[in-house]
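Welcome! Have a look at the structure below, and then take a short tour through some of its features.

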Amino acid sequence: MTPASFAIVEILIWGLIATLAMGAILFASQNFGWSRLDLPFLLGTVFTGERHAANVLGFTLTILVGWFIAFFYYLFFAAFGEANWWLGAAAGFVHGLLVLTALLPLMPYIHPRVASEYDGPSLRRRLEPPGFLGLHYGYRTPVVTLIAQTVYGAVLGAGFELVF
Amino acid sequence: MSDASCRSEPQGNAQVPRDSAEPNTSPAFKWDYPPIGDYAVIGDCRTIALVSREGSVDWLCLPHFSAPSWFAALLDKDGGGRFAVRVRELRQAAHRYVADTNVLVTQMHGPGGTMQLTDSVSVISEDRALELAPEHELIRLVECTEGEVDVEVFFQPRPHYGLSVPKLRDRGKLGWQCVCNGDVAFLQTDIPLREIEPGVLYGTTRLRAGDKRQVVYGYCENDVSIIAPLGPAIEHRVEATQRWWKQWSAQCLYEGPYRAAVLRSALTLKLLTYSLSGAVIAAATTSLPEGDTGDRNWDYRYCWLRDTSLVLQSFIDLGFYAESESFLAWMLHATRLTQPRLQVMYDIYGETALTERELPHLSGYRNLGPVRIGNGAHDQLQLDIYGDSVQTAYDFVDRGGYLDRYERRLLRGFGRVVLNCWRLPDAGIWEIRGEPRHNTYSKLMCWTTLHRLLELDKRVGLKLDRDLYERELQSIREDIDRHAYDPARNTYVGYYGGTVPDASLLLMARYGFLEARDPRMVGTYRFIERELGVDGLLFRYPPGAGYDGVGGSENLFGICCFWLVDYLARLGDRDKAQRLFEQLLGYASDVGLYAEEFDLHTKAPLGNFPQAFTHVGLITAALSLEQAHEGRRGQEISK
């Protein structure tokens, strides 16, 4: 196996593990009533308004996006010249902050089915917007999201340590 | 688990100053407890709302029947929470269901005009299951039909049985958001609302003839909320819900003279069926008093196997076969924790821990507390439930249903339990909380279990030890005749060694233990009618604390009155049966609903409401009457 193929396999394996770990935390927090943030559902509803299809598609997309982002983490560690769990955790934490402060508040403008407080719901836009820091999905959403993203980064950092 | 958005502190009445100069000022709110019979019910086969004739949703548990309430003014008019849409200075109100549906229409007359309020909980049908729609959605359509009316909305959600005061947030065009722990609700309306005290929204508007408004309450548990836009889409959803109920009602095979009452009962039973599991709850409420004290306040929002079996037998008789299949599936899977022994009751998912406790912060309906949740009878031994469950399977097969290997094994297991336990004393059908005793009805149902299993064995091959079953069947019969029959008075008595009647013994003819015209059965009927009858209606057993050991007074028991109709039809006394049946129809609420009991004096509904047991009685009595009119009697009438 060439070093490039080895790296790709590592990214796929650790990207999957990190995504599943992050997903498990978000899923558990939903079921414990800590946050209503449902990433697979939000991702799936970008492409379909059918709830069942959105959940299945969203799960698949979450894995694909998890792999995609793992590739950038890989580049990040490569730029640093090393990888370890705490460096990954720090990167994940920053990543989480970006999601909370930039991505979630922008949802009504970039997601075709998220409603906005200014325009109200419509036949197409029916999903509750997450708001700043995702607080509309529960006041623990920022904490849960940061923990999930930090774990995602830490898993990748720990995994890629074997490569670097 | 606490939540910053949800304060745990019961609140009293919302008081708005009377002397405010604003033209649309809300009045000080003075609420009262309507009679139980003033309520109608709407639901989506997952949860159920009690709506008073004055337009107030006074009971709603979310996300399912047995979950904590969001609105419980029924059990505490000030602190329980309510959701009212009504005419100010209401003069008169009347409600009815849209024919063959559970969509409720209330006409309210004010000083200057009339308002029509259409209430429904959206049903998610197969073709709509894929849509992005709120998990639960209570839609209230307001229309001024005559003159001018001032309409007011009072929204006071109080999750966790009134313990929490949720934070309400004005989310602009998305409506008002109401969050409590992981759950969220949105209230959307085109009537302007303002928060008049923490956790209470109020708004009023003047409508002229033809004006329409919408008030929509959407709920979501632990998920991203779906917020439906107001406008034509909401009206379409109400139409879709109506269509769904009409399609369901169209399956009803009963075409007799009492079709309206029978179908209303079937629709009510369907509302009490939890669509996600097939379980049927005994009643929609908890702790509605059965008398003038709170001693007999119980939580009926669980699935009693006995009640569910009887409901399913009614569904099968009426042609609703899908429900019977769902129930059998539920019984197989939800009762796995205890099989082949059955617990008296389970929650809608088959959970067995239903510990009873009181909610001291709720004053109770008309201050007749305590309010109880859970049910202490869950761990009683009640042997009759095996008979009811096996009878349901028997009816299912009788109408062409198929039992797979696992189901047949389960039925064999029931048989083994009955063979081992029928000699034991138990708490009986009435869940007597004192010392267990040898209840005659329990023995009758043990006999029914073995009898029906032998019949099923002939049809589907249960691989029973037929000799053993037939021997034990005979033993039970001899045991009942020896210990429960009083030859001096020519009657069976309620329990071994006792001297008093029990109305459940009217079913001895229905289950085929005795012919309806057998002198011992006729003697038992006369004894029951003489000792338990009042104005043609029946107590279930002698009233007073002596029989059941519970304080407070006992009232007339709905299903027992319908059992009497059933027996009279089998006896061939059609006129008396018909008169009594029509008398009972007169005691229904104005929308055709029954509670567990009738008040001894006024015959008004008493106890948890609406009660599946009583509606089952109505259906079986109507079907027996119909067969009696066809000239059949005794065992020629089915069962």
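How many residues of chain A are in contact with residues of chain B? There are 26 of them, and they meet 21 residues of chain B. Please keep in mind that this is a predicted model. The points below begin with that meeting of chains, then turn to chain A, and finish with some places in chain B.

**Where the two chains meet**

- On the chain A side, the elements that each give two or more residues to the contact with chain B are α1 (3-31), α2 (39-44) and α3 (51-80).
- Sorted by class, this side of chain A has ten nonpolar, eight polar and eight charged residues.

**Chain A as a whole**

- Chain A has five helices and zero strands, so if you follow the chain from its N terminus, you read α-α-α-α-α.
- The radius of gyration of chain A is 17 Å, close to the 15 Å that the globule rule gives for 164 residues, so chain A is as compact as a globular protein of that length.
- Along the principal axes, the C-alpha atoms of chain A fill a box of roughly 50 × 30 × 25 Å.
- Of the 164 residues in chain A, 43% are buried.
- Take the contacts in chain A between residues at least 6 apart in sequence: 65% of these join residues at least 24 apart.

- You can find Leu103(A) in helix α4 (residues 85-110) of chain A.
- Leu103(A) and Leu133(A) are 30 residues apart in sequence, and their C-alpha atoms are 9.1 Å apart in space.

**Helices α8 and α9 of chain B**

- Helix α8 (residues 440-460) and helix α9 (residues 466-483) of chain B have axes that come within 10 Å and cross at roughly 155 degrees.
- Because of that angle, α8(B) and α9(B) are roughly antiparallel to each other.
- The crossing in which α8(B) passes α9(B) is left-handed.
- Residues that α8(B) brings to this contact include Leu444(B), Trp447(B), Leu450(B) and Leu454(B), while those from α9(B) include Tyr469(B), Leu473(B), Ile476(B) and Ile480(B).
- By class, the contact of α8(B) with α9(B) has ten nonpolar, two polar and seven charged residues.

**Helices α4 and α15 of chain B**

- Helix α4 (residues 305-318) and helix α15 (residues 612-629) of chain B pack at an angle of about 35 degrees, and their axes are 9 Å apart.
- The crossing of α4(B) and α15(B) is left-handed.
- Among the residues making this contact are Leu310(B), Val311(B) and Leu318(B) from α4(B), and Phe613(B), Val616(B) and Leu623(B) from α15(B).
- The contact of α4(B) with α15(B) divides into eight nonpolar, two polar and two charged residues.

- Where is Gly256(B) placed? Look in the loop between α2 (232-249) and α3 (259-271) of chain B.
- Gly256(B) has 14 other C-beta atoms within 10 Å, so it is partly exposed.
- Leaving aside residues up to four places away in sequence, Gly256(B) touches Ala622(B) and Glu626(B).
- Gly256(B) and Leu623(B) are 367 residues apart in sequence, while their C-alpha atoms are 8.3 Å apart in space.

Definitions and conventions: Residues numbered from 1 in each chain as written. Chains lettered and ligands numbered in written order. Predicted model: local features only at pLDDT ≥ 70, side-chain atom pairs only at ≥ 80, totals over all residues. Axes fitted to C-alpha atoms, helices over the stretch in contact; angles between N-to-C directions. Helix = DSSP H or I, 4+ residues; strand = E, 2+ residues; numbered from the N terminus. Parallel < 35°, antiparallel > 145°, perpendicular 65-115°, else oblique. Left-handed = near helix turned anticlockwise from the far one by under 90°. Contact = placed C-beta atoms within 7 Å. Nonpolar A, V, L, I, M, F, W, Y, C, P; charged D, E, K, R; others polar. Rg over C-alpha atoms; globule rule 2.2 N^0.38 Å. Buried ≥ 20, exposed ≤ 12 C-beta atoms within 10 Å, placed from the backbone.
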